[in-house]
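Subject: Structure handover

Hello,

Here is the structure I promised to pass on. Please open it first, then read my notes below.

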Amino acid sequence: VVAKLFNVFEPTRAYFGQKDAQQAQTICRMVEDLNFNLTVVVCETHRADDGLALSSRNANLSSEARRQSICLIAGLRSAAALYRAGERDAARLRAAVEEEIRRAPLAVLDYISVADRDTLTELDSVQNGALISVAAMFGEIRLIDNIVL
């Protein structure tokens with residue numbers, strides 16, 4: 001669908017959010033592979049004051065689910081701190097994220113990924129940075145977030 005839109009409108013730039021990092025990376029790869037004459041700009045994730053990634057879905061969270069939802073960014077930040085301290089084992093980085101999410105009783109973990117930023121291939125060891133992404137359900141609401149190491 002995106003390729004068809006690019007062909008019809010022939011934009012010179014396309015903007016995608018970092019919050020959906022997998023989608024943004026897929027679009028970047030498609031633009032490169034299909035030689036589209038445009039620049040993909042990946043925009044920073046906008047966050048509430050408490051760190052929750054802004055999303056229209058947030059309005060559908062109960063007040064308690066909204067309060068607990070910051071476990072996502074707390075987990076990502078915990079893993080990032082471990083990485084900055086020298087941790088390179090992807091399983092330990094995933095465990096740090098999971099530990100924070102498990103503290104939120106309403107959160108039902110969908111996945112935690114530690115992947116190569118360019119290929120999105122899951123990593124066992126992080127040598128040159130990575131994308132850590134997470135998804136969890138809060139009732140009927142699925143929230144996603146990520147951080148780039």
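Start with Arg47. Its relative accessibility is 27%, so Arg47 counts as partly exposed. Please keep in mind that this is a predicted model.

Arg47 has a partner. Asp145 forms a salt bridge with Arg47, and their closest N and O atoms are 2.8 Å apart. This pair links distant parts of the chain. Asp145 belongs to strand 5 (residues 141–148), while Arg47 sits in the loop between strand 2 and helix 3 (63–68). They are 98 residues apart. Is Asp145 buried or exposed? Asp145 is buried, because its relative accessible area is 3%, and the cut-off for buried is under 20%.

Other salt bridges

The structure holds 10 salt bridges. One of them joins the side chains of Asp33 and Arg29, at 3.1 Å from N to O. Both residues lie in helix 2. They are four residues apart, about one turn of the helix. Asp33 is partly exposed, with a relative accessible area of 46%. Arg29 is partly exposed as well, at 44%.

Glu87 is worth a visit. You will find Glu87 in the loop between helix 4 (71–84) and helix 5 (90–102). Its side chain meets that of Arg92 in a salt bridge, 3.6 Å from N to O. The side chain of Glu87 also reaches the backbone nitrogen of Asp89, at 3.0 Å. Glu87 counts as buried, at 19% relative accessibility. Arg92 counts as exposed, at 51%.

There is also a network of salt bridges: it links Glu99, Glu100 and Arg103.

Rings

How many aromatic pairs does a search of the whole structure find? It finds one. The ring centres of Phe6 and Phe36 are 5.4 Å apart, and their planes stand at 75 degrees, so the pair is edge-to-face. This pair, too, links distant parts of the chain. Phe6 is in helix 1 (residues 2–9). Phe36 is in the loop between helix 2 (21–33) and strand 2 (39–43). The two are 30 residues apart. Phe6 counts as buried, at 7% relative accessibility. Phe36 is buried, with a relative accessible area of 15%.

Look at Tyr83 next. The charged end of Arg88 sits over the ring of Tyr83, 3.9 Å from its centre.

Backbone

Most residues other than glycine have a negative phi. Which way does Glu10 go, positive or negative? Glu10 has a positive phi of about 45 degrees, although it is not a glycine. Glu10 is found in the loop between helix 1 and strand 1 (13–17). Glu10 counts as exposed, at 63% relative accessibility.

Leu120 has a positive phi of about 65 degrees and is not a glycine either. Its place is the loop between strand 3 (107–115) and strand 4 (131–138). Leu120 is partly exposed, with a relative accessible area of 25%.

Asp116 lies in that loop between strand 3 and strand 4 too. Asp116 counts as partly exposed, at 26%. In sequence, Asp116 and Asn37 are 79 residues apart. In space, they are 25 Å apart, C-alpha to C-alpha.

Surface

Last, the surface. Val1, Leu5, Val8 and Phe9 form a nonpolar patch there. Together they have about 480 Å² of accessible area. Val1 is found in the segment before helix 1. Val1 is exposed, with a relative accessible area of 81%.

Best wishes

How values were computed
Residues numbered from 1 in each chain as written. Predicted model: local features only at pLDDT ≥ 70, side-chain atom pairs only at ≥ 80, totals over all residues. Heavy atoms only, no water. Phe/Tyr/Trp six-rings, centres within 6.5 Å; stacked < 30°, edge-to-face > 60°. Buried < 20%, exposed > 50% of the residue type's maximum accessible area, 1.4 Å probe, protein only. Lys NZ or Arg CZ within 6 Å of the ring centre and 35° of its normal. Patch = residues over 30% accessible without salt bridge, like charges linked within 9 Å, V, L, I, M, F, W, Y side chains within 5 Å. Areas by Shrake-Rupley, 256 points an atom, 1.4 Å probe, with all protein chains shown as cover. Salt bridge = Lys/Arg side-chain N within 4 Å of Asp/Glu carboxyl O. Polar contact = N/O pair within 3.5 Å; in protein donor to acceptor, adjacent residues only side chain to side chain.
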